[in-house]
Amino acid sequence: MNFVLPEIDLGAIAPQLWLTATAILVLMVQAFVPLVTSRSLALLSIIGSLLSLVATLGLWGQEAVLFSGMIALDTFSLFFNVVFLLGAILTVLISVEYLEREQIAHGEYFALVLFATVGMMIMAAGVDLIAIFIGLEILSLSLYVLAGFMRQVLRSNESAMKYFLLGAFATGFFLYGIALLYGATGSTNLDRIFLIAGERGGWGNVLVMGGMGLLLVGFGFKVASVPFHMWTPDVYEGAPTPISAFMSTAAKAGAFAAFVRVFLYSLPGLAASWAPLLAGMAVLSMVVGTLLALVQRRNIKRLLAYSSIVHVGYLLLGLLSGGTEGGASVLFYLLAYTFMQVGAFAVVVYLGGQGEDDLSLARFSGVAVRHPVAALAFSLFLLSLAGIPPTAGFVGKFYIFSAAIQAGHIGLAVVGVLTSVVSLYYYLGVIVFMYMRDPVDLPERRPSAALVTALALAVAGTVEMGLFPGSLLDLAQQSVASLLGS
Amino acid sequence: MSAEVPLSYYLILGALLFIIGAVGVLTRRHALVILMSIELMLNAVNITLVAFSRMQGNLTGQVFSLFIIAVAAAEAAVGLAIVIVLFNSRETLNIDEINLMKW
């Protein structure tokens, strides 16, 4: 029997390797260097992420399919690498202070964040369902642990339990979908599935349709779109705040990367079948998410969780529009969303106070008096999430809705615009509390340098992408064009 | 000599196990039983993949099922750890009683 050794090109996966090596190094340093502080471990993680970023930029422009058709090196995956690394760096920066305050400053935390990022990168680069599945599981397993990282806190335990059970349940659907697609096409390679899935009829088509539907359920769970969203508010509320930020930005971007690759690249021939389903998910996410966010007063993290469901609706709308325009609008929006969402969570970390017993909107009363800069930054992020110009959120939404209109989804675009108008109500509600109520007693604290850096980065990104979106949009379009070959 | 078992038997077995697992996840209230139901779903996928692998005449499906077994082991490790932590703090594994967070 002939055994052909696959061609191994480690240079092409250098970003993943740098991160993996750093994560293992963090674990080792934590285990063998006595009295190492969590700050130095955080610094080490950031250096590793920056090295990975440099490796990503060094690979820019190259195109190849490697490791026996498992991993693709293309601008699409590299663009997503930048989004993931940005999310990871911001998360580590806002974690430092939080971990010390909650007394959970263990090195495993940073290692798990890095491992999760590696999983996302594999998901974004995978051109075989095996690779996508492995990436998804590396990401999910790390996040299950991170969600329950505060072992002594009941909410955190409960959050991990709910996330694990529903995540594993979704994985089951995802895998059964893959199995059916494999049965219909005889391959798990996205290129082969693209070739065969479109032309099969009869029995084969039942398998393809079933497989596609189950994949949609699996992805729906992972990106938290209605009607698969039930876990989102509970998990985001109970998890450590920086991890909520990480899950709602980078992890979601990872799931969307695979979502875009599988549906726009591999299954466009079945668009007539999946488009109505996706349209339903998009409308439900936008409407239900908005309604639930409107009545949420008890906890700002829950409010941000519901608003993240609305944003998933917008992203699904971009995905549904398809083509270079639709795909590029998704990529652009994910990058913009990373800045503004992590920024918003950074302010929550700053103002939360130990234990975060009370995160109701009332706690933010009069914050503008005591912490004017934090209040200003928070207002900027919230306005950007609502889509007010000149912020990143406005430009991102503008591209998504114009892509939807070009693709003929005018009714959906109208729903999108209406929900974002309504969303102003609950975002402005927070701002009203900060600026127009009498101040409550908040502990006087100075933010750590890391938190200030994260806030500055997020503000800069939100404003920069709002004022000068041109070059980044071009990049997003090139990335999707490299994927769709147009 | 015995007649060969037709492919459809394996597929039906896989589908039935998957449905039993899914129904178990949705109806059972004990966290450990839910965990077992999820394992059932994953193994149903394995059976389906191996049957298809035989039908298609290539080994991809079997390789995939090995990956699934490995990942399921990792998932069980993490899942049981979460179960233990939760049981230590709450003294219950009934998911109806694990409801600190609502609305």
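How many nonpolar, polar and charged residues does the lining of the second largest pocket have? By class, there are 12 nonpolar, 5 polar and 3 charged residues in that lining. Here nonpolar covers Ala, Val, Leu, Ile, Met, Phe, Trp, Tyr, Cys and Pro, charged covers Asp, Glu, Lys and Arg, and polar covers the others, Gly among them.

## About the model

This is a predicted model, in which local features need pLDDT of at least 70 and side-chain atom pairs count only at pLDDT 80 or more, while totals for chains, interfaces and linings use all residues. Residues are numbered from 1 along each chain as its sequence is written, chains are lettered from A and ligands numbered from 1 in the order in which they are written, and side-chain values use heavy atoms, with hydrogens and water left out.

## Where the chains meet

Let's turn to the interface. Chain A and chain B each bring 44 residues to the contact (heavy atoms within 4.5 Å). Together they bury about 3,800 Å², 79% of it on carbon and sulfur atoms; buried area is the accessible area (1.4 Å probe) lost when the two parts are put together, summed over both. A:Phe169, A:Tyr176 and A:Tyr182 supply 18% of what chain A buries against chain B, more than any other three residues.

There is 1 salt bridge between the chains, joining the side chains of B:Arg90 and A:Glu158 (3.6 Å, N to O). The term requires a side-chain nitrogen of Lys or Arg within 4 Å of a carboxyl oxygen of Asp or Glu. On the chain A side, α5 (129-147), α6 (154-185), α9 (231-238) and α12 (300-321) each give at least two residues, and α6(A) gives the most, with 24 residues. Helices are DSSP runs (H or I, at least four residues), numbered from the N terminus.

## The two pockets

A pocket is an open set of points on a 1 Å grid over the protein atoms alone, where a 1.4 Å probe fits, with protein on both sides within 12 Å along at least five of seven lines; lining residues have an atom within 4 Å of a point. The largest pocket holds about 700 Å³ of space, a volume being the space filled by probe spheres set on the points. Among its 27 lining residues, A:Lys162, A:Leu166, A:Met230, A:Trp231 and A:Asp234 lie nearest the centre. α6(A) provides the largest share of this lining, 6 residues.

The second largest pocket holds about 420 Å³. Of its 20 lining residues, A:Val145, A:Gly148, A:Phe149, A:Met150 and A:Arg151 lie nearest the centre, yet the largest share of the lining, 5 residues, comes from α3(B).
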